Amino acid sequence: MSGTGQRSRVVTRTARPDDLPAVLALVRQHRVEAHAEGVLTGQTPGAAAAAGFRRLLADPGHRVVLAVLPGACAPHPGAGSAGEVVVGLAVLGLDPLSALLGVPQVTVDNLVVHRDHRRRGAGAALLAAAADHAESVGADHVVAAVGGHEAERQRFFARMGFAPLTTRRIVPRETLVRSLAVWQRGGVPVPRRPVPRRRPLPRVLPGLEAAAEA
């Protein structure tokens, strides 16, 4: 992920509908790096993802933030003029359960920085936007979603002061249905694992057998 360079030119702004191609490109990169199931099956963000992000952009409960490099002719940082380069993305939200419990927490999902623009301040800029959003909604904590196998993201968030909170697991619906069916029949749903093959015992040469019996 990005570093915290003090001279970074990266700024952040809220995504607009015409940013959809850049958003989907970053989502695709995030899925690949997170080893999401959609990528493993060859699926790409298509019409459904595009429609979903259009709804997300219009959802008052979420904020899609982009990290951008302003164009050389931008009248001011973040203006989004021609020549601007989108280098990162984060989806900010407010955890509904935390709000109901009176301890609102801002969530950071799908934080991704383009692989060609890392260690230049984009990740820090996105987290700064999350901190500003948390202050605006009265949240004292920011919670980020990171895959357990995403070592680079884990290190980045750790450097920014994030501590482990919980472990979330995912299961395909069909697998869960099968496991529940086995459990209802009184069985124990145990994932199938390959049985380790036993190595054959070495053969003893006839001369050694005779010596052993002597």
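**From the sheet to one histidine**

In this predicted model, four bridges connect β1 with strand β2, which spans residues 62-69, and the two strands run antiparallel. Within β2, the residue that stands opposite R13 is L66.

This pair of strands belongs to an open sheet of five strands, whose order is β1-β2-β3-β4-β5 and whose pairing is mixed. At the edges of the sheet lie β1, residues 11-14, and β5, residues 141-144, each of which pairs on one side only. From one strand to the next, the twist averages 30°.

Helix α5, formed by residues 122-137, packs on this sheet and touches β1, β2, β3 (85-94), β4 (105-113) and β5, while the direction of the helix makes about 160° with that of β4.

Is H133 buried or exposed? The relative accessible area of H133 is 16%, and because buried means under 20%, H133 counts as buried. Once residues up to four places away in sequence are set aside, the residues that H133 touches are R63, L92 and V106. Of these, L92 lies 41 residues from H133 in sequence, yet the two C-alpha atoms are 8.0 Å apart in space. By residue number, R63 falls within β2 (62-69), whereas L92 falls within β3 (85-94) and V106 within β4 (105-113), so that the contacts of H133 can be read alongside the packing of helix α5 on the sheet.

Notes
Residues are numbered from 1 along each chain as its sequence is written. This is a predicted model: local features need pLDDT of at least 70, side-chain atom pairs count only at pLDDT 80 or more; totals for chains, interfaces and linings use all residues. Side-chain values use heavy atoms; hydrogens and water are left out. Two strands pair if DSSP finds at least two bridges between them. Axes are lines fitted to C-alpha atoms, for helices over the stretch in contact, and angles run from 0 to 180 degrees between N-to-C directions. Contact means heavy atoms within 4.5 Å. Buried means under 20% relative accessible area, exposed over 50%, partly exposed in between (1.4 Å probe, protein chains only).
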